[in-house]
Structures are given as structure tokens and as C-alpha cells.
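Student: Could we go through this structure together, taking its backbone, its cavities and its aromatic rings in turn?

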Amino acid sequence: MKQVVQNYKSGELALLDVPAPGCKPGGVLVRSAYSLISTGTELMKVSEAGMSMVGKARSRPDQVAKVMQSVATNGVPATYRKVMGKLDSYTPLGYSLCGVVEQVGDGIDDVAVGDLVACAGNEHALHAEVNWVPKNLYTPVPDGLAPRHAAFGTVGSIAMQGVRQGAPQLGEVALVIGLGLIGQLVAQLLTASGVRVVGADPDPARCELAESLGAAACGDPASAAVEAAVAELTGGHGVDQVYLAAGGGSNQPVELAAHLCRDRGRVVDIGKCRLDLPWNAYYEKELDVRFSRSYGPGRYDPSYELEGRDYPIGYVRWTERRNLACFLDLAARGSVDVEPLISHIADFGEAVETYQSLKDGDLKAVAVLFRYPEQTAEAGETAAPAVTVPAVKLSGGGTSAPARAIKSPVRLAFVGAGNYATSMLLPHLTGRDGVELSTVVTTTALSAANAKRKFGFTEATTDLDAVLGDKSIDAVFVVTRHSSHADLTKKALHAGKAVFVEKPLALGEDELASVLKAVEESGNDRLQVGFNRRFSPLLREAKKRFGARTGPANVRYLVNAGRLQHGSWYLRQGSEGTRFAGEGGHFIDTVSWLLDADPTSVYALATPGNDDLQVVLRYPDGSTATISYVTSGPSSLPKETLDLVADGKALRLDDFVRASVYGSKRWVSSRLPKARDKGQEAELAAFVRAVRTGAPMPVPLTSLAATTAATLAVRTGLAGGAPVTLAGAE
């Protein structure tokens, strides 16, 4: 299928061929009929992409702060790879469309194949021929509403949420500053609510359009016309609400709002404009400044948008989806008229030229629609015929013998192409002798296309079943969300593939048992988990310098994990497990490797809320290790520090930057000049070598299982308040 994309680094716009998305549970596949260009938000993104790197940094200071934090934590090279990887990737455009349901995922019962729906979301309602849309981001289109009008649903919801934040009442007067697409819809919604509207915009054509659609008066904000209209309609008191629907760097909208608003009036920010509030003006009138967050309650909440958990109507009357349905109902009943807002309808094949015309100013428009191939040019009301789109499938199994020694090249497939895969794994495999990146599999079309372009995969697809059935593929990398690791690993083992699965291997004891059962049933033990720290050259050198150990050791490992950002998928503990379950195996594996043994028991303590953990491990020879996993430490504190003391000697690791060994002689490594090498490159080299030669996997399966079991035992120990003895411990 085709999709509109942009490279944020170069500014390039393209209509790209990408794999069609798969149909996942909790959502539907929708073939687009019409999608709407947001002439404000989208053109701002297009313009930012054309800036220099300095210009991009100035426009996004929040992202610059994140980059600096990443440099402090991961070093310059790793951060550079991550940032450049994100910048030099195709990103999607679009967030408002109407289309026809082609496939219904498990758990969906409110729509059927062939239904017309309006869709929202900058990850799900894209300018693409087919989109997968979760339940709370689509709604059925009312009978009689034309598809091209239903495509306004998302921007209509944005305008509606802004109006709701203003809390207008019958008979009030409102000022709408900025009469672009959102401003025009805000003005119509206010008029439909019994509010008299004054509009302000420097474009006379937009002012005339707003007046033709019900605004009482409109004019240039720099002229006296707007102030005179406000004075006449309010008896000189000023408007009850001001809606800021303008963009740009001027502070004029904020100053005009203060000047024309009544005492204790409301100012609602909907657009992205400069907000340098003149303190005296806002203080003296005690103005109520409010912000409107996108489509409404539920926006940016993964449990609502991705997991389909609705908010009870008794507590949240107007959610994101209910706003979408409400706007469509108003449009269907004629209370809002979007037809006059349509400046241009372009065939989807002309998408790049259309964006360029908008950017260059050759096309002056309030709203522009893309019409997709099956739509008629005249009315746009004929539904697109259903076309089968391949879904993401999982192999049903089947046994095979363990991997054998093979000749070059080793053919690899990646399932998942997120940040970790593209910044920490794939750069070490691209161009490596004896390695062929065969196929990348994702559930979203664009991530697969990006990985194919950047890393040289032969194919990109959403059909995992075909990959597992391809006998020419030697190994499968599972680099997806944690909740899918165990299941995908089992299926790849049954398909006879060598498997590299990022940590964790499992999120529960039952999942771990099922993976080990798959190894037994298939006779395939070619499994590696991404515990990379034991492969770090610095740590290996330190262990070598420490030498053989005769007595028990005491290990202290401090992990300054830091706070998670709001919205991080790590916070979805119900589906993705706890944070420690996801990454704690790294640290347990490192200690076990240093001690050349697997733990026999686990004892865990936690602060309230289980944010900070103390995990005590005991080993067969009496050695103990304490892992302090903290989230409350300062960002300036190194992320990982480790001390091992035994036999009158000590080993110290300082955040994979410097290592020291204290004994009869002291050894101190030179400070690494470039990067914190945590072992990913060496780990991948060892895995590829084992696949090619048929040699044993780099880490024994028993060790992988023991580390995973110990990690999972932390949760059990916290719940029981007592040490947990691990299976197999003597």
C-alpha cells in the first residue's frame, strides 16, 4: 500500500510503498476513503523538517533536554546513533480520516466489515491507504453524512474540546482569534451553542467565510473593527471567552485576548501560539487561562487509546471518542457545515505535490482532502470495496531439528524494529561480513519500511507466519513489547529457528515453563536472551584482572534507573509486567556471570509503591549480591556502579566507563574516550558465530532460565515478605 511520509532530517516528503498493517485484537483495519490535511499542525511539522539542525533544536527545546540527559546516561556515540536514527527516519503524516472497515479484530463488536467509520490519531488515522485503528479512536459515521465530511471528525473534536473548556452559556459573546480550520469550526460550534461570535484574522477571505457561516462580525485584529464589534455586542464589557486558535511566534493574540476580555473572563488556548502573558493585564482582570488538550479526555492515555478502556460516562461525560461521535452527529444534522471549508480535493497520488503547493503558498486553503483511489470524484459517497489485507499471523508450530552449522551468510529476520533494535542491535549487524538481513516484521507499516531502508533488509512485511515458514532464514530476533516475548520465542523455536530474544524472556513463571517446554518438544535449544553486559569488553577485562576466586564474594550493584516519563509503555504493568521484571535480568545475569554460578535464593524489599528495590541474591558457595534498583536518584548520578569483594581483592565498575581492581597490585583501566560499551556488539558477534558454526549458544540455556526465574522471584518475594528458594537449588 502507499502512505505519505516525511524524513524529519532532510525534509523530504514521499508517497512510499509500505507493507499493509496487520489487524490486531482490539481494533479494526480501515481502508481510507478521504483523509484531511491539517493545514495548521501538519504544515508546521513540514516547515520544521525543512529547518537546519540548529533551527530544529530551537523549535523543540524539550527534545534537546532529553538528548542532553541521554548523553549523560549513555554517552555521546549511543545518543548520537539514537537521535540520528530518529531524525533520519520516515515519519507519518495525518490524523483525521474516514474509511471503510475491512477487517475486524478480536474483541470488537460495534462495527462490521463494510461499515463506514471516522478515525482519529496521529499514529492510526494516517494518510495511508489502510490503517489499523483501536476501538476508542474510531466511531461509526451517521447515515446520510458524506465520507468527505466525516473526514473532518478529528479536527472537529479538537475544536469541540476547546469549546467545552471555555464552558460557554446561551447569550454570551466569544472572540475567536485565528480563523483557520480549527478557528472556523470553533466559531460554528459556538454559534450552534447560542453564543455570538466575533472573529479576528488578518485574511479577509477567512473573515468573510466565518461571517457566512454564522459569526456576528470578523475583522483584522490590527484594525479597530474587531474592538468596535466587541464593544457593540457586549455593551463595552468585553467578551466572555476568548479562543486562541492562531499559530506563529507573535504575542499579539495573547495581548488582544486580555484587552477584549471582560473582567474574570476565560481565555482558552487551542492552537500553538506564543504565550507570553502580560502579567498586569491578566492580573487586573483576574482572567481564567485554560488549555485544551487535543481531542478530549483519553488523549495520550495508552490504556484508553490502545487498550480500549473507556472512562465511565458518569465521571467523564465527553471523552475523545464521544467528542468524535458528537461532532459527526452535529455535521449530519446540519448544525455544523464543513463543505464551505473544503478548498481543494486532491487525488491521493498527488499527495507530495499538494503538500509542496501548500508549503510554498501556491495553494491557499482552509481545508484540503485526499481522495483515495476507489472514491468517485463527484460525490465521494461510494464506499470502497473490501480488499483483503494480510494480517499479522503467528505460526502454528511444528517441530524441527536444532540448527546445524551453515555456510555464510547467516540470514536473519527481525520481529520488531523499535528504538532499541534500531539503535543498539541493527547498527552492529548492518554490513557485517557473513550476515544477511533478510526480513523485518512489524505490525505497523512504516516502522518496517524505515528499517528496510536504513539497514538494508531484503524484505519488509507484517506476515510473521511467512517468515517462520521460510526455511532459508536461520535466526529470528524477537525485539517486540515484553508481553509478546515468550509466545513469539516458542513459535520461532518450533519453526526450527535460532532465536535471539531481548530481555525479558518471560513475564511469569507459567510463560517461562512454556518456553522450556517448547525447547523440549521441538528439540531446539538454540536460544539467546539479550543479557549483553557479560559481553562488555571492559567488564571482561576487569574480571580477568581480578583472577580466580577461592572464597565467597560480596557484591553490591547500584542501578540508578531514574524516573519514567509520563506515557511510557513500561508503566503498563498490567500487560507489560513490572519495570524490574522487564530489565532486572540484566543485573542478575551480570552478577551470576561474575560469580560463575546461578543464584539459589532471592530476598526482596521495596519502598512504598515498589519504586525502589533491594534484591539480595545468595549463591551456592555462600556468595551474596545486593542489587539496589532505585528510581529516586538524581540524573547526575551514574546509572550503574558495581563492587565485588573477595579473597582480599576488590573489583569496581564505574558505569562501563572505568574499571578498577584492587589487590597486591592495583589495575585501573583508562577512561573510555568514546562510549559506554555494554557489550551489544560482542554479544551479537557471539550469537552469529554460534548460528553459523553450530557451536553452543553463548550463554547456556540453564543460565538463561535461572536468571529469568530469579528475576520473577522478586515479585513473589515482595508479596510474601520472605526469601524465595529457587527450583533446583541445593
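Tutor: Buried means under 20% relative accessible area, while exposed means over 50%. Please keep in mind throughout that this is a predicted model.

Student: With that cut-off, is Tyr-95 buried or exposed?
Tutor: The relative accessible area of Tyr-95 is 8%, and the limit for a buried residue is under 20%. Tyr-95 is therefore buried.

Student: Which residue does the ring of Tyr-95 stack with, and where do the two partners lie?
Tutor: A search of the whole structure finds 14 aromatic pairs, and one of them is a stacked pair that includes Tyr-95, with 6.5 Å from centre to centre and 25 degrees between the planes. The pair links distant parts of the chain, 200 residues apart, with Tyr-95 in the loop between β4 and β5 and the partner in the loop between β14 and α12. That partner is buried as well, at a relative accessible area of 3%, and its name is Tyr-295.

Student: Why is the pair of Trp-279 and Tyr-283 called stacked?
Tutor: The two residues are 4 residues apart in helix α11, so they are separated by about one helical turn. Trp-279 is exposed at 57% relative accessible area, and Tyr-283 counts as exposed at 55%. Planes under 30 degrees apart count as stacked, and here the ring centres are 4.5 Å apart with the planes at 10 degrees.

Student: Which ring has the charged end of Arg-317 over it, and which has that of Lys-649?
Tutor: The charged end of Arg-317 sits 4.0 Å from the centre of the ring of Trp-318.

Student: Where does Arg-264 lie, given its positive phi?
Tutor: Phi of Arg-264 is near 60 degrees, a positive value in a residue other than glycine. Arg-264 lies in strand β13.

Student: Which element gives the largest share of the lining of the largest cavity?
Tutor: The count comes to 2 cavities of 30 Å³ or more, and about 50 Å³ of space lies in the largest. Its lining includes Lys-503 and Pro-504, and by class it has 6 nonpolar, 4 polar and 2 charged residues. The largest share, 4 residues, comes from α22.

Student: How many charged residues line the second largest cavity?
Tutor: This cavity holds about 30 Å³ of space, and helix α7 gives the largest share of its lining, 4 residues. Among the lining residues are Gln-184, Ala-187 and Leu-213. They divide by class into 4 nonpolar, 4 polar and no charged.

Terms used. Residues are numbered from 1 along each chain as its sequence is written. This is a predicted model: local features need pLDDT of at least 70, side-chain atom pairs count only at pLDDT 80 or more; totals for chains, interfaces and linings use all residues. Side-chain values use heavy atoms; hydrogens and water are left out. On a 1 Å grid over the protein atoms alone, a cavity is a set of points where a 1.4 Å probe fits but cannot get out, and a pocket is an open set with protein on both sides within 12 Å along at least five of seven lines; lining residues have an atom within 4 Å of a point. Grid points are joined across faces, edges and corners, and a volume is the space filled by probe spheres set on the points. Ala, Val, Leu, Ile, Met, Phe, Trp, Tyr, Cys and Pro count as nonpolar, Asp, Glu, Lys and Arg as charged, and the others, Gly among them, as polar. Rings of Phe, Tyr and Trp (its six-membered ring) pair if their centres lie within 6.5 Å; planes under 30 degrees apart count as stacked, over 60 as edge-to-face and the rest as tilted. Buried means under 20% relative accessible area, exposed over 50%, partly exposed in between (1.4 Å probe, protein chains only). A charge sits over a ring if NZ of Lys or CZ of Arg is within 6 Å of the ring centre and within 35 degrees of the ring normal.
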